[in-house]
Amino acid sequence: MARPGNKIVQAKLVLLGDMGTGKTSLVLRFVKGQFVDHQEPTIGAAFFTQILSLNEATVKFDIWDTAGQERYHSLAPMYYRGAAAAIVVYDISSRDTFMRAKKWVQEVQRQGNPNVVMALVANKCDLDPRREVQIEDGEQYAQENGMFFMETSAKTAENVNELFHEIANKLAKAS
Ligand code: GDP
Ligand code: MG
């Protein structure tokens with residue numbers, strides 16, 4: 001519920017990243033507080049809304065998840081056009097997904113909204129024993145590209161609420 005005198009920020013938020021990195025799982029963890037071990041890859045194209053109340057604003061997210069089109073390493077620009085925020089996800093246990101994340105970042109930077117708030121998310125941090133991407137590598141790439149960085153686990157819920165709160169805070173400040 002919006003507090004009196006509190007501004008309301010409505011924001012389109014998109015998720016990008018290779019198939020299997022955990023985009024749908026992050027959204028479901030955030031919106032429904034649940035995790036499914038064998039998430040059906042093509043479930044989605046889903047559209048979710050979620051409201052976060054901060055001290056200075058109420059942020060209404062319109063969250064766009066893919067229906068697995070990322071399998072072809074491309075998404076229609078209309079997917080991320082108009083997005084106020086973008087989350088680019090990779091899987092810490094797959095170097096390939098980190099390489100691909102950089103391509104997704106470049107694509108949004110070329111074709112997206114110039115003021116887009118971007119997060120680079122290293123998901124599946126519960127798989128630390130199988131880690132192929134070091135935290136510093138993610139952090140450095142994010143810093144060089146004006147993004148903020150977070151390691152998350154949709155499975156254990158680590159940093160998932162923090163991720164969306166951080167985005168909401170940045171959107172509230174920018175609006
Ligand atoms: P998407 O294709 O990017 O939407 O990825 P999904 O959300 O469908 O997840 C792909 C697979 O990874 C599923 O089997 C999920 O259960 C699993 N997964 C997602 N997030 C995590 C996580 O944080 N840790 C672990 N161990 N598995 C995860
Ligand atoms: Mg998905």
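These legends go with close-up views of a predicted model.

**View 1. Ligand 1 sits in the largest pocket.** Here we zoom in on the space that ligand 1 takes up, which is the largest pocket. There are 21 residues around ligand 1, and Gly20, Lys23, Ser25, Asp37 and Asp126 come nearest. Sorted by class, the shell is made up of 9 polar, 7 charged and 5 nonpolar residues.

**View 2. Oxygen atoms of ligand 1 pair up with polar atoms of Thr24, Asp37 and Ser153.** For Thr24, an N or O atom in the side chain is 2.9 Å from an oxygen atom of the ligand. Ser153 uses its side chain, with a polar atom 3.3 Å from an oxygen atom of ligand 1. As for cover, ligand 1 exposes 580 Å² when taken alone, and the protein buries 90% of that.

**View 3. A salt bridge joins Asp137 and Arg95.** Side chains of opposite charge can pair when their charged atoms come close. In this pair, the closest N and O atoms are 3.4 Å apart. Asp137 belongs to helix 4 (residues 135-144) and Arg95 to helix 3 (residues 95-111), so the bridge links distant parts of the chain, 42 residues apart. The count for the model comes to 7 salt bridges.

Technical notes. Residues are numbered from 1 along each chain as its sequence is written. Chains are lettered from A and ligands numbered from 1 in the order in which they are written. This is a predicted model: local features need pLDDT of at least 70, side-chain atom pairs count only at pLDDT 80 or more; totals for chains, interfaces and linings use all residues. Side-chain values use heavy atoms; hydrogens and water are left out. A residue is near a molecule or strand if one of its heavy atoms lies within 4 Å of it. A polar contact is a pair of N or O atoms within 3.5 Å; within protein, one must be able to donate a hydrogen and the other to accept it, and residues adjacent in sequence count only if both atoms are side-chain atoms. Accessible areas come from the Shrake-Rupley method with a 1.4 Å probe; for residues, only the protein chains shown count as cover. On a 1 Å grid over the protein atoms alone, a cavity is a set of points where a 1.4 Å probe fits but cannot get out, and a pocket is an open set with protein on both sides within 12 Å along at least five of seven lines; lining residues have an atom within 4 Å of a point. A molecule sits in a cavity or pocket if more than half of its atoms lie within 2 Å of its grid points. Ala, Val, Leu, Ile, Met, Phe, Trp, Tyr, Cys and Pro count as nonpolar, Asp, Glu, Lys and Arg as charged, and the others, Gly among them, as polar. A salt bridge is a side-chain nitrogen of Lys or Arg within 4 Å of a carboxyl oxygen of Asp or Glu. Helices (H or I, at least four residues) and strands (E, at least two) are DSSP runs, numbered from the N terminus.
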